[in-house]
Amino acid sequence: MKIDLYYAAVSPSCQVVLLIGKALGLNFNLKPTNVHDKEHLSSEFLKINPQHCIPTIVDNGLNLWESRAILTYLASQYGKDDSLYPKDLKKRAIVDQRLYFDIGTLFPSIRQYIVKLMHGGKPDAEEVTKVENSYELLDKFLEGEEWVAGSNITVADYAIVVNVSVMEGMGFDTSKYHNVGRWLSKAKKTMVGFSEIQEKGIDELKKLITSHKAEHK
């Protein structure tokens, strides 16, 4: 039985789930969901997810949303081993910390930056500084490490790399964050389907930004 995945290619959070699916060899039953057309507010979807957000998966009676929760579930349920989400509590704690850093610090700063672009504006100094501060922390996490939570690739890398890649696609200068640049380059080569999923997503995001800018003129 395939796992249903309600998603939109333009969404970085959905791209994360698509990537981990490739890593685990999963074959999703893809269900494109257009938020702009309010498909996520349909009665059918609300029965699955009353919080009406994507990505959402349905796996053998389990309805689950929030990309990071989906990541840890899929890695635990379908991973050939525990390398993506370690069972060792100390190692897992570091992975969890990085995931919380992403949802609490990195992603909010990036989201605010991109929303400003969507509304036809230019991120102000404070918004740029928030992104830069997040990158400085990420660069510190990667100092002397191959991956964001240590020597092995984990779900934390998948969660974070999509956001960093999207910002690169938006023209954000990462050149002064040497560890981030090194890690991003390695992730692109290591993660199955990265170019396919990310290039499509970034192209869709650029189209969306252009469309929103026209609407807000």
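Is Glu127 buried or exposed? In this predicted model, Glu127 is buried, because its relative accessible area is 8% and the cut-off for burial is under 20%. The residue belongs to helix α5, which spans residues 125-141. Beyond residues up to four places away in sequence, Glu127 touches Gln112 and Lys116.

Helix α5 has 17 residues. From its first C-alpha to its last it reaches 24 Å, close to the 24 Å expected at 1.5 Å a residue.

The buried residues of α5 are Glu127, Val131, Ser134, Tyr135, Leu138, Asp139 and Phe141. They lie on the same side of α5, because they cover an arc of only 155 degrees around the axis. Their cover includes α4 (89-118), α6 and α7 (178-190). The face turned away from the buried side carries the exposed residues Ala125, Glu126 and Lys140.

The largest nonpolar core has 68 residues. Tyr135, Leu138 and Val164 are among those with the most contacts inside it. Helix α6 (residues 155-169) gives the most to this core, with ten residues. Leaving aside neighbours within four places in sequence, Val164 is in contact with Leu106, Tyr135, Leu138, Val180, Trp183 and Leu184.

Strands are also present. Strand β3 (residues 56-59) runs antiparallel to strand β4 (residues 62-65), and four bridges join them. Ile57 stands opposite Leu64 in β4. The two strands form a hairpin with two residues between them. In the turn, Asn60 has a positive phi of about 50 degrees.

Methods
Residues are numbered from 1 along each chain as its sequence is written. This is a predicted model: local features need pLDDT of at least 70, side-chain atom pairs count only at pLDDT 80 or more; totals for chains, interfaces and linings use all residues. Side-chain values use heavy atoms; hydrogens and water are left out. Buried means under 20% relative accessible area, exposed over 50%, partly exposed in between (1.4 Å probe, protein chains only). Contact means heavy atoms within 4.5 Å. Two strands pair if DSSP finds at least two bridges between them. A nonpolar core is a set of buried Ala, Val, Leu, Ile, Met, Phe, Trp, Tyr and Cys residues joined through side-chain atoms within 4.5 Å. The expected span of a helix is 1.5 Å times one less than its number of residues. The arc is that of the directions from the helix axis to the C-beta atoms.
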